[in-house]
Amino acid sequence: MKKIIYQIFSLLALCLMVATLLPACKKDARDKGAPVITNIRSYVASPNDTVLKSAVANGQYVVITGENLRYATRISFNGVDATFNTALFASNSAVVQIPAMEYSKLDTTKLYTVDYVTTSGSTTFSFKLGPAAPKVTGVSNLFANPGDSVYVFGTDFFFVKRFSYRGTTIQSFKLDPLGTSIGFIMPSTTSNDIISVSTKSGDVNFKIVATPIIASVSNENANPGDSVYIYGTYLKNIQTLNYAGTAITSYKSAANGSWVGFILPTLTHSGTISLTTPFGSTSTIYNVNDTETGSISNWDSNFNWQYWGAGKVTQGDSHFAGNSSTYMAMDISGLSQGDGMPWTTNIPMNGAQWVPAANIADSVSHWAFKFETNIPRAWNGTSVNIVTGVGGFIARWEPWQKTATTTAPYTTKGWVTVTIPLTSFRKSDPTLGEGKGDSIAKIADLTGPSGNTSCILYIHNYGTAVGSFYGAFDNLRVVRIK
C-alpha cells in the first residue's frame with residue numbers, strides 16, 4: 001500500500017514538473033526564430049509613446065517592437081553599434097539607447113537602417129536617423145572677390161546634395177566634419193541674395209539680410225576738399241552714393257564694409273546721405289552740410305551767446321585748421337579735483353528751440369545733441385558737460401579711454417562731428433556721480449513743455465589729478481536721428 005501511495009505522489013510530482021516546464025519550453029521556442037521589427041516607438045511615457053518615423057537626437061531611448069527580440073547580440077543604428085541591457089528586453093520589445101555618432105564618418109550604405117542580430121538570425125529595418133534639416137547662420141565675407149575663400153556657417157551641413165550661393169551652383173565645396181560650415185571659392189558671378197543648401201535631411205533657403213546702415217559721419221559740416229568718412233555696416237559694393245544732393249562717384253570702402261571715405265566736393269545745399277548696395281538702400285533722416293536745422297548756436301547766422309564765460313569767439317582756420325567760419329575756442333588749465341563750474345569754465349547760450357513743440361512727445365531716443373569739435377592737443381580726464389535750463393540733467397562727454405587706474409588721451413584729426421543722444425542726459429547718482437543716474441524719461445524733462453530752453457557747455461574735473469582742456473566747438477544743434 002505504501003508503495004502504491006509513493007508511486008502516485010511521484011507521478012503527481014512529475015506531472016507538476018512537466019506542467020511547469022511546458023510554458024518555458026514554449027516561450028523559448030518563440031524566441032528561437034529570426035527577429036522581426038515592426039516599428040520603433042518613443043520611450044517617453046504616453047501620450048508620447050508614438051511610433052517614430054525618424055529621429056535626430058543621439059542618446060535618445062527608443063523601444064524597438066516586433067518578434068523574437070529577447071536574445072540580441074548586436075544592434076546598430078546607421079552602422080554604429082549600440083550598447084544595451086538585455087534585462088530591458090522581452091520577446092516582443094527591446095529598450096535601446098541610440099548611440100552617439102559622427103555623421104561625417106558614417107558608412108552611407110548603412111544610412112537610415114537599424115540592424116538587429118540575435119542568436120537565431122538577423123533583420124534590417126528602415127529608420128530615418130540622422131541630423132536635423134540644415135540651417136544657415138552667416139557668411140564669412142559677404143564682400144569677397146571672385147577667387148576668394150568663403151565660408152557659409154550654420155548647423156547640420158551633412159550629406160549635402162546641392163549647394164548654391166547667391167544664385168550660382170557651387171560644384172566643389174568642403175564640409176566641416178562637425179557640420180558647421182561649407183567652404184568654397186567665390187564664383188565670378190552671382191545673381192541674387194539667396195543661399196540654398198539641400199541635404200538628405202532637408203533643405204534651407206536663406207535670404208542674406210545685409211541692408212546698409214549709416215551710423216555716423218566723421219564731419220557733417222566739412223569743407224570742400226576735406227576727407228569725409230561715413231561709418232556703419234555693410235557699406236560695401238556701393239552702387240550709388242549721394243551726399244547732400246551731390247552724387248559721389250569716387251570713394252573707397254573698408255574691406256569689412258564698416259566705412260566709406262571720399263573727398264568732399266563743393267556742395268550747393270544741405271541734404272541727406274543715401275546709398276545703395278546689392279542688398280538694399282538706406283538714407284539718413286538728418287541733413288549734412290546743415291548748420292541751421294535745430295541750431296542752438298553756430299556763431300555766424302545764429303550767434304546766440306551770452307557774451308561771457310570761458311569761451312573765446314574765434315574765426316578762421318589759422319587757429320583750428322579746417323573751419324573758416326566763426327566758432328568758440330576754450331583754453332583751460334590748472335583744474336583741480338572738483339573744479340569747473342557752469343559759471344566759470346563755460347560757454348553759456350540763450351534759450352533756443354531744442355525740439356519743435358509738435359515733437360515734444362517723441363521718443364527721447366529719436367533726438368540727439370550734435371556739434372563739431374577740434375581737439376588738437378591730448379585731452380585726458382576732464383569732462384565736457386552739457387546742461388539746459390531745466391531739470392538738472394547732465395550729459396557728460398568723455399571720449400578718452402578709461403581703465404581702472406589710468407585714462408588714454410583723446411585727440412581729433414581736425415574737425416569732427418560728435419553725436420550725443422538725448423538719452424545721455426542723466427540725473428545725478430549718489431554713488432556714481434553727476435550725469436550717471438537715470439536717463440530722462442521724456443524730452444520735456446530736459447527742455448520743458450515748449451521744447452525751448454537755454455544751454456551751457458562747460459568743462460569739469462571729476463578726477464583726482466589736475467586737468468585741462470584745449471579745443472574748439474561749433475554748430476551746436478539738436479536734430480532728429482531716427
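Where is S450 found, and between which helix and strand? S450 is in the loop that runs between α2 (444–447) and β37 (452–460); helices (H or I, at least four residues) and strands (E, at least two) are DSSP runs, numbered from the N terminus.

Before I continue, a word on the basis. This is a predicted model, in which local features need pLDDT of at least 70 and side-chain atom pairs count only at pLDDT 80 or more, while totals for chains, interfaces and linings use all residues. Residues are numbered from 1 along each chain as its sequence is written, and side-chain values use heavy atoms, with hydrogens and water left out.

To return to S450: this residue counts as partly exposed because its relative accessibility is 37%, the class between buried (under 20% relative accessible area) and exposed (over 50%), with a 1.4 Å probe and protein chains only. Leaving aside residues up to four places away in sequence, S450 touches Q353, V355 and A357, where contact means heavy atoms within 4.5 Å. A357 is 93 residues from S450 along the chain, yet their C-alpha atoms are separated by 5.5 Å.

I turn now to the sheet. Strand β37 belongs to an open sheet of four strands, in the order β30-β37-β32-β33, with antiparallel pairing; two strands pair if DSSP finds at least two bridges between them. At the edges are β30 (346–353) and β33 (394–397), each pairing on one side only. From one strand to the next, the twist averages 20°, with axes as lines fitted to C-alpha atoms and angles running from 0 to 180 degrees between N-to-C directions. Strand β32 (residues 383–388) pairs with β33 over four bridges in the antiparallel sense, and N385 stands opposite R396 in β33.

Finally, the open space. The largest pocket holds about 410 Å³. On a 1 Å grid over the protein atoms alone, a pocket is an open set of points with protein on both sides within 12 Å along at least five of seven lines, a cavity is a set where a 1.4 Å probe fits but cannot get out, and lining residues have an atom within 4 Å of a point. The volume is the space filled by probe spheres set on the points, which are joined across faces, edges and corners.

Of the 23 residues lining the largest pocket, G381, W400, K402, T407 and G463 lie nearest its centre. A search of the whole structure finds one cavity of 30 Å³ or more, and its lining consists of E220, Y286, N287, D290, T293, R477 and V479.
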